[in-house]
Amino acid sequence: MDIQFLEKNPFFVLDVLPTDKRTTIVGKAEEKAFFLDGNICNEAQMSLLNPAKRLSAEMDWFCECDATMISDIRSSIESHSLIHTDSLSGLARLNATLFNFAISDFEDYFEIGYAILDIDEQYSSIETTALADAINACRAKAGLLPVSDDEIGRELNRKRDQIRRYISDKTLALSKDDYIELVTILAEKCIADDDYSDGIIISDVVDQYELKMQTLIEEASNEITTHIARLQRIANKEGIETNLAGLIKKIKKWDKLVQPLQLKSMASGVVHQTSENIGYAIRGLSLWLHNEQEMTEQALMLVNSMKAVFAEVGSLADVFGEDAKTLNKIINENKEVTAIISEIKAVERTIEKWKAPDEIADAYMLATNTITDNSVNELIAKVKALNVKIKAINADEETIERLRTNLCIITRDGAIYAHNERHKTALALSIAKMLLSEFGDMEELRRKLSEDVSVLSNQLIAINASRPTYTPSSQSPRSNNSGGSKKGWIIAAIIFAIIIAIIIFAIAGGNDSSSNSGQYSGNQPSYNQSSEVKFSSSVAAGTDVYADIVSIFPAIGIYTQRSSNYTHFVCECKTPTDSTVWVYMSTSEYRNNFDSNVSTSIHNEYQDEKTFSSKRIHGEARKADNVMSSLSSDTGATMLIDFDSVG
């Protein structure tokens with residue numbers, strides 16, 4: 001750094017004052033020629049006598065000071081000691097501060113930073129008009145022409161370039177990390193104080209920094225984008241988590257490089273494009289983690305880390321702030337859903353205890369009469385409270401419906417078991433009525449729940465009218481032919497329908513034998529064919545539908561726990577146009593309408609596919625997964641036909 005900008009000044013070389021006249025300047029030049037290089041003295045004289053050159057010398061001197069102050073300043077310059085600035089102002093104080101900056105040996109970047117802030121403050125405080133007045137006052141005494149404000153303005157710009165070089169030279173001695181910290185401190189000063197006007201000198205320092213660090217910033221930015229692309233190719237979540245931690249470290253290292261530029265952009269209101277590009281690339285990664293990898297907590301961790309990184313980039317700070325709120329909400333919703341699922345499983349465990357084999361029940365003191373009024377009332381109260389809780393959670397409608405459906409299916413399974421296996425028809429009816437009241441608002445469930453109440457009510461009438469008659473009358477969880485257990489809506493065959501009909505006939509007082517009033521059979525009431533539509537995957541659940549088929553094959557068998565026979569088939573049917581339609585029916589319906597010799601044993605293979613010219617089947621459109629969990633995955637179809645009749 002040039003520490004001699006004052007020592008080379010013509011006023012210093014000739015030892016003259018800004019107010020000295022031409023004759024004094026010429027005389028001093030001749031006198032100094034005996035001690036100094038004659039060319040130097042001549043150049044100094046010409047600079048002070050030529051108005052075009054003199055202004056540069058005046059801008060690097062102390063025109064506002066009197067002879068005594070200048071004498072003290074000369075002594076400091078000659079001895080390379082600090083110039084006292086307390087009594088100085090304006091340009092004089094700036095020149096003294098620059099000289100002190102040049103000769104100082106700073107211990108750390110903090111001291112350099114404060115010195116630069118001081119230089120910036122001195123430069124920013126100079127008023128062109130006041131400076132012109134001070135210089136022209138000296139010129140008037142010296143008998144020279146005055147200068148204009150515009151000339152002063154041009155010289156101040158030259159001074160700014162001079163200061164930029166001095167600071168650049170001084171920072172060359174700093175390490176890379178210290179240089180980054182220094183410029184960051186200076187950039188923070190641009191926005192830290194609302195009353196602080198963005199300094200021209202500080203702005204120049206940050207601009208210099210951007211030029212010097214451009215290559216490093218580009219390399220760090222490329223490392224981040226490459227890391228993001230590599231991370232999105234990883235197949236396992238453990239690997240993603242490990243690489244995510246490494247990415248965050250790289251981002252924080254990159255942030256240290258660009259933070260001064262972000263701060264300057266924030267102060268000026270101009271977008272820092274590099275930061276914006278990187279920020280949106282990182283946001284894309286957080287969306288990928290949440291949407292495609294179901295790693296919501298990791299996405300939130302990344303977003304929370306980025307809030308601090310991009311705090312100085314207004315648009316991104318808002319984006320990451322909103323993303324954090326959204327992800328927090330989703331995580332809290334998931335926690336609510338997880339808690340609800342845990343409570344649903346508790347209901348399921350209660351029902352599983354009812355089903356414990358006698359030897360296990362004895363060992364755990366779970367007697368077969370655990371299905372009591374008290375236990376059923378407790379179950380009903382728990383299900384009702386849980387249904388209210390599910391409807392109140394902060395989740396989407398589909399999730400709420402799915403949770404309520406699962407709770408209803410599991411509880412209904414308990415009613416089925418209570419009636420079919422433990423002959424607790426009255427208690428089963430209590431559960432069924434509760435389910436209809438609680439879940440009857442859902443179209444997918446209402447029809448079957450209403451049928452349950454009707455069937456169990458008729459069963460109870462028959463039981464009370466005669467000896468107990470225990471008939472399977474509802475649906476229960478089944479497994480497919482591979483033996484895997486799956487929950488779903490399964491109608492058990494009504495094997496004592498004829499007995500019920502006879503009992504009701506007797507109660508009715510011998511009505512005509514052709515009457516079937518009040519009778520419940522395995523087949524549901526016929527559909528109103530006038531309202532039927534042709535079945536397709538797009539029809540709404542609950543719609544009466546028909547389909548023309550040319551073949552049928554019982555592809556999936558469903559049976560109850562500890563049973564050796566299938567109770568229902570899910571049949572794969574082909575239409576005349578060779579498209580596939582799936583039909584759900586009981587094994588008795590399959591025997592009565594398609595193959596009387598079909599085997600229902602879970603240990604035997606299915607019968608062959610049955611073909612025919614054409615048959616029209618009637619039924620109701622239903623969602624496959626409401627028949628049996630994950631049935632849509634097994635069949636590849638979201639909708640099927642719940643069989644009613646063929647004709």
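**Helix pairs**

Reader: At what angle do H11 and H13 pack, and how far apart are their axes?

Author: This is a predicted model. In it, helix H11 (residues 200–231) packs with helix H13 (residues 273–291) at about 15 degrees, and the axes are 11 Å apart.

Reader: So parallel or antiparallel?

Author: Angles under 35 degrees count as roughly parallel, therefore H11 and H13 are roughly parallel to each other. H11 passes H13 in a left-handed crossing.

Reader: Which residues make the contact?

Author: On H11, Ile217, Ser221, Ile224, Thr225, Ile228 and Leu231. H13 contributes Thr274, Ile278, Ala281, Ile282, Leu285 and Trp288.

Reader: How many are nonpolar, polar and charged?

Author: The contact of H11 with H13 has 9 nonpolar and 3 polar residues, and no charged ones.

Reader: Left-handed or right-handed?

Author: The crossing of H19 and H20 is left-handed.

Reader: Which residues are in that contact?

Author: From H19 they include Leu429, Lys433, Leu436 and Phe439. Among those from H20 are Arg446, Leu449, Asp452, Leu456 and Ile463.

Reader: And how many by class?

Author: The contact of H19 with H20 has 13 nonpolar, 4 polar and 3 charged residues.

How values were computed: Residues numbered from 1 in each chain as written. Predicted model: local features only at pLDDT ≥ 70, side-chain atom pairs only at ≥ 80, totals over all residues. Heavy atoms only, no water. Axes fitted to C-alpha atoms, helices over the stretch in contact; angles between N-to-C directions. Helix = DSSP H or I, 4+ residues; strand = E, 2+ residues; numbered from the N terminus. Parallel < 35°, antiparallel > 145°, perpendicular 65-115°, else oblique. Left-handed = near helix turned anticlockwise from the far one by under 90°. Contact = heavy atoms within 4.5 Å. Nonpolar A, V, L, I, M, F, W, Y, C, P; charged D, E, K, R; others polar.
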